[in-house]
Every structure is written in C-alpha cells, then in structure tokens.
Amino acid sequence: QQFSYDAPVVLSVLNPSSGPVDGGTDVLVQGGGFSDYGDELLCNFGDKTAAVAAEYLTSTAIRCRSPPQASGLYAVEISLNGADYTFGQLYYEFYATPQIARILPVSGPSYRGT
C-alpha cells in the first residue's frame, strides 16, 4: 500500500470577503496546495456540519458558494479529504441583506441633481 503526502494548503485571499446572510455568493479562494479530490474538496464557513462543495480551478485557486449563515465574521477553512480542515487564516463576513425603507425626496425636477 502506498502513502502519499500533500503539501499543506495555504489560504491567502478571499474574493469577495463578504456577502449576504442568504448565501449564494461565489467566493474565489486563492492560495496554494489545492488538489482536485472531487467530492472531498470542501469549504467551511464557520460550521463544519454545513460544509459546502468546492470547485477545483487550479492548484492555487478554488471556488466555493457561500451557504446561508447568520450575520457575523466566520473563519473560512478548506478540506482536501472531507475530514481534515485548514485552520482559520481568512475570514468571510455575512451581512444582513440591505432593505430599502424609503426614498427621499419622492419627486423632483428631471434636471439639476435631485
């Protein structure tokens, strides 16, 4: 039986680094040491019980879709094998979806910057 060793995963940049609590934001994770392990390549946004699938792009980039999450700042961790995760090196902020309550003024001239 052969044993293989993967270089440690390094996380350097999240883009974007924030998104709405509804989730669904595609987040590009850049760093190094990523490998294409199919269904075992996971992203964790603060809750390992709700890890989401990651899409392998290159050895230096993967893409994850943010899950629904309560507002706050959460460590992003990556797993190559579905069990062991990186330690939180980068953080993603979930924010409440902005709601427009009203617009003022409600009318004005069509010129001069109203």
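This is a predicted model: local features need pLDDT of at least 70, side-chain atom pairs count only at pLDDT 80 or more; totals for chains, interfaces and linings use all residues.

User: OK. Which residues have the most contacts inside the largest nonpolar core?
Analyst: Those are Val29, Cys43, Phe45, Ile62 and Ile78, in a core of 20 residues. The elements that give it two or more residues are strands S1 (10-15), S3 (26-32), S4 (42-45), S5 (52-58), S6 (61-65), S7 (72-79) and S8 (90-95).

User: What does Val29 touch, sequence neighbours aside?
Analyst: Leaving out residues up to four places away, Val29 touches Leu11, Val13, Leu14, Phe34, Thr60, Ala61, Ile62, Cys64 and Ile78.

User: Switching to cysteines: how many disulfides does the count come to?
Analyst: The count is 1 disulfide. Cys43 and Cys64 form it, with their sulfur atoms 1.5 Å apart. That pair links distant parts of the chain, since Cys43 is in strand S4 and Cys64 is in strand S6, 21 residues apart.

User: Are those two buried or exposed?
Analyst: Cys43 is buried, and Cys64 is buried too.

User: What about the peptide bond from Asn15 to Pro16, cis or trans?
Analyst: That one is cis, with omega near 0°. Pro16 sits in the loop between S1 and strand S2 (18-20). The bond from Leu104 to Pro105 is also cis, with omega near -10°, and Pro105 is in the segment after S8. For context, most peptide bonds are trans.

User: Let's talk Val27. Where is it, and what is it in contact with?
Analyst: Val27 is in strand S3. Beyond its neighbours within four places in sequence, Val27 contacts Leu14, Asn15, Pro16, Phe45, Ile62, Arg63, Cys64 and Tyr92. The C-alpha atoms of Val27 and Asn15 are separated by 5.6 Å, and the two are 12 residues apart along the chain.

User: And why does Val27 count as buried?
Analyst: Because its relative accessible area is 0%, and buried means under 20%.

User: What about Leu28, then: how accessible is it?
Analyst: Leu28 is in strand S3, and it counts as partly exposed because its relative accessibility is 24%. Leu28 and Phe87 are 18 Å apart, C-alpha to C-alpha, and 59 residues apart in sequence.

User: Where does Tyr56 sit, and what does it touch?
Analyst: Tyr56 is in strand S5. Not counting residues up to four places away, it touches Phe34, Ser35, Asp36, Leu41, Ala61 and Ile62. Tyr56 and Phe34 are 22 residues apart in sequence, with 7.6 Å between their C-alpha atoms. Tyr56 is partly exposed, at 29% relative accessibility.

User: Last topic: what's the volume of the largest pocket, and which residues lie nearest its centre?
Analyst: The volume is about 280 Å³. The pocket is lined by 14 residues, and Asp6, Tyr37, Leu80, Asn81 and Asp84 lie nearest its centre.

User: What's the lining like by class?
Analyst: The lining of the largest pocket has 7 nonpolar, 4 polar and 3 charged residues.

Notes: Residues are numbered from 1 along each chain as its sequence is written. Side-chain values use heavy atoms; hydrogens and water are left out. On a 1 Å grid over the protein atoms alone, a cavity is a set of points where a 1.4 Å probe fits but cannot get out, and a pocket is an open set with protein on both sides within 12 Å along at least five of seven lines; lining residues have an atom within 4 Å of a point. Grid points are joined across faces, edges and corners, and a volume is the space filled by probe spheres set on the points. Ala, Val, Leu, Ile, Met, Phe, Trp, Tyr, Cys and Pro count as nonpolar, Asp, Glu, Lys and Arg as charged, and the others, Gly among them, as polar. A nonpolar core is a set of buried Ala, Val, Leu, Ile, Met, Phe, Trp, Tyr and Cys residues joined through side-chain atoms within 4.5 Å. Buried means under 20% relative accessible area, exposed over 50%, partly exposed in between (1.4 Å probe, protein chains only). Helices (H or I, at least four residues) and strands (E, at least two) are DSSP runs, numbered from the N terminus. Contact means heavy atoms within 4.5 Å. A disulfide is a pair of cysteine sulfur atoms within 2.5 Å.
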